[in-house]
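Dear colleague,

Please find the structure below, together with its sequence. My notes on what was found in it follow directly after.

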Amino acid sequence: MHDAYEPVPILEKLPLQIDCLAAWEDWLLVGTKPGHLLLYRIKNNAGTNRFEVTLEKSNKNFSKKIQQLFVVSQYKILVSLLENNIHVHDLLTFQQITVVSKARGATLFACDLQQSPSGEAQLRMCVAVKKKLQLYYWKDREFYELQGDFAAPDIPKSMAWCQNSICVGFKRDYYLIRMDGRGSIKELFPTGKQLEPLVAPLADGKVAVGQDDLTVVLNEEGVCTQKYALNWTDIPIAMEHQSPYIIAVLPRYVEIRTFEPRLLVQSVELQRPRFITSAGPNIVYVASNHFVWRLVPVPIASQIRQLLQDKQFELALQLANMKDDVEGDKRQQIHHIQNLYAFNLFCQKRFDDSMQVFAKLGTDPTHVIGLYPDLLPADYRKQLHYPNPLPSLSGAELEKAHLALIDYLTQKRSHLVKHLNDSEPSTPSPLMEGIPTIKSRKKLLQIIDTTLLKCYLHVLFICVPCVNLVSLSRPTWPWCPLC
């Protein structure tokens, strides 16, 4: 585990009970149980994790009951579920723009904002009214019906758009409803023992769906896209996706995990959290009944350092790809992490996987050969150094390692022969910074040929009767299985 976020208090001991949250840019909207709508401006003090919090507006007559809030900053509107109906307000003045009269009796809504090929934002909305789903689109400051209503098997408890489908959680089961004009319904799986189903949209157009303390990822066809489910330490109440992390609100704390690799990253203890919302990348708010915290990301460079210490190279690579560094520096760091990853695979004795990564990286083959005992001249071998001590190999393990090296060097040899007479100099990369590399293709080819011969002598013998090369690992040895 490492620290991906630091919780910072934003509002403490709010006298009104919080019922819902919404946020965008530097703004936080808080809907309270008495129906008051509070607008806060959250300004970060540069270079610190301290925030200046200002109550900009307090609308005490917003509604008798605020059930749900959703901000569409592109259109400067606030969509809300107030007293079981859908209302739209101006985001700057809170003046009411429209009410969706047909949605009277609504208990839930889900919005979806997509970018059209022309670059314009397209807003769609699904509203649950008893056992019906109503579909709308936003145009000219008004919601219009997108298509006819869909009959649902029960009253929806949770739902989210999944590209051109809607994943809906009912009391006992999850369903996927396709927006294909026919409203075809696909039954997915039971909700489990939890009282409330949970469907959360993900940044890549998929949805995370909860079944007790498990979470699976579904695409718009309702197919699981991850090999394994996430396993939380308790049943999640709410979720938010901040790539590469999925953040879940549990009854006693907030838990942060990753889908790939499947890791528990961090547990953040907070006092009875209930709600979570995002104002965009790296801006996440969590709230209890009377407190609001902001989850501030730990700098990526610090996270990567910790991950490399913990040998979590796959997650370190994901974060390195997200950094806003100069392109050359970014490539260099990614290459360094990939080399560390390949080296770690070798230390785990995953020889084939390790050689495949080294082959893609263009690592100097002599640095790869140096991972093995007695294959390089002693004086040259002394110039090489590695991140950690090399594993001790013998017997069947050593033979398996040699076979992987043979495949790797054969591939490298073929590439070198093809480019032997190229005018451009060869530029293999070092496994570790500061190690000398072999730039002469002819010299490198000689080393590879010598090493291949040594490897063959380690793993093969010649059957005199049939003159065939036979692997020493054959269970029939010393009798040749070919004759």
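**Salt bridges**

At 37% relative accessibility, Arg-350 counts as partly exposed. Asp-353, at 32%, likewise counts as partly exposed. The two residues form a salt bridge, with their closest N and O atoms 3.2 Å apart. Please note that the model is a predicted one.

In total, the structure has 11 salt bridges. Another of them brings together the side chains of Lys-102 and Asp-149, at 3.0 Å from N to O. Lys-102 belongs to the loop between β9 (96-100) and β10 (106-115), while Asp-149 sits in strand β13 (residues 142-151), so this pair ties together parts that are 47 residues apart in sequence. Lys-102 is partly exposed, its relative accessible area being 35%; Asp-149 is also partly exposed, at 30%. Through shared partners, salt bridges join Lys-102, Glu-145 and Asp-149 into one network.

A further salt bridge is formed by Glu-221 and Arg-178, whose closest N and O atoms are 3.6 Å apart. Because Glu-221 lies in the loop between β20 (214-218) and β21 (230-231) and Arg-178 in strand β16, the pair ties together parts that are 43 residues apart in sequence. Glu-221 counts as partly exposed at 40% relative accessibility, and Arg-178 is partly exposed with a relative accessible area of 22%.

**A buried lysine**

Lys-330 is found in helix α3 (residues 327-347). This residue is buried yet takes part in no salt bridge. How far away is the nearest side chain of opposite charge? That side chain belongs to Glu-327 and is 5.0 Å away, whereas a salt bridge requires the nitrogen and the carboxyl oxygen to be within 4 Å. Leaving aside residues up to four places away in sequence, Lys-330 touches Ala-320, Asn-321, Lys-323 and Asp-325.

**Aromatic pairs**

The structure contains 13 aromatic pairs. In one of them, the ring centres of Trp-138 and Phe-143 are 4.9 Å apart and the ring planes stand at 65 degrees, so the pair is edge-to-face. Trp-138 and Phe-143 are both buried. Ring pairs also link Tyr-136 with Trp-138 and Phe-143 into a cluster.

Phe-343 and Tyr-386 form a stacked pair, because their ring centres are 5.9 Å apart and their planes lie at 5 degrees. Phe-343 counts as buried at 2% relative accessibility, and Tyr-386 counts as buried at 12%.

**A four-stranded sheet**

Four strands make up an open sheet in the order β14-β15-β16-β17, with antiparallel pairing. Its edge strands are β14 (158-162) and β17 (185-190), each of which pairs on one side only. From one strand to the next, the twist averages 20 degrees.

Within this sheet, strands β15 (residues 165-169) and β16 (residues 173-178) run antiparallel and are joined by five bridges. Which residue of β16 is the bridge partner of Ile-166? The partner is Ile-177. Strand β16 also holds Arg-178, which forms the salt bridge with Glu-221 described above.

Yours sincerely

Conventions. Residues numbered from 1 in each chain as written. Predicted model: local features only at pLDDT ≥ 70, side-chain atom pairs only at ≥ 80, totals over all residues. Heavy atoms only, no water. Helix = DSSP H or I, 4+ residues; strand = E, 2+ residues; numbered from the N terminus. Buried < 20%, exposed > 50% of the residue type's maximum accessible area, 1.4 Å probe, protein only. Lys, Arg positive; Asp, Glu negative; His and termini not counted. Contact = heavy atoms within 4.5 Å. Pairing = 2+ DSSP bridges. Axes fitted to C-alpha atoms, helices over the stretch in contact; angles between N-to-C directions. Phe/Tyr/Trp six-rings, centres within 6.5 Å; stacked < 30°, edge-to-face > 60°.
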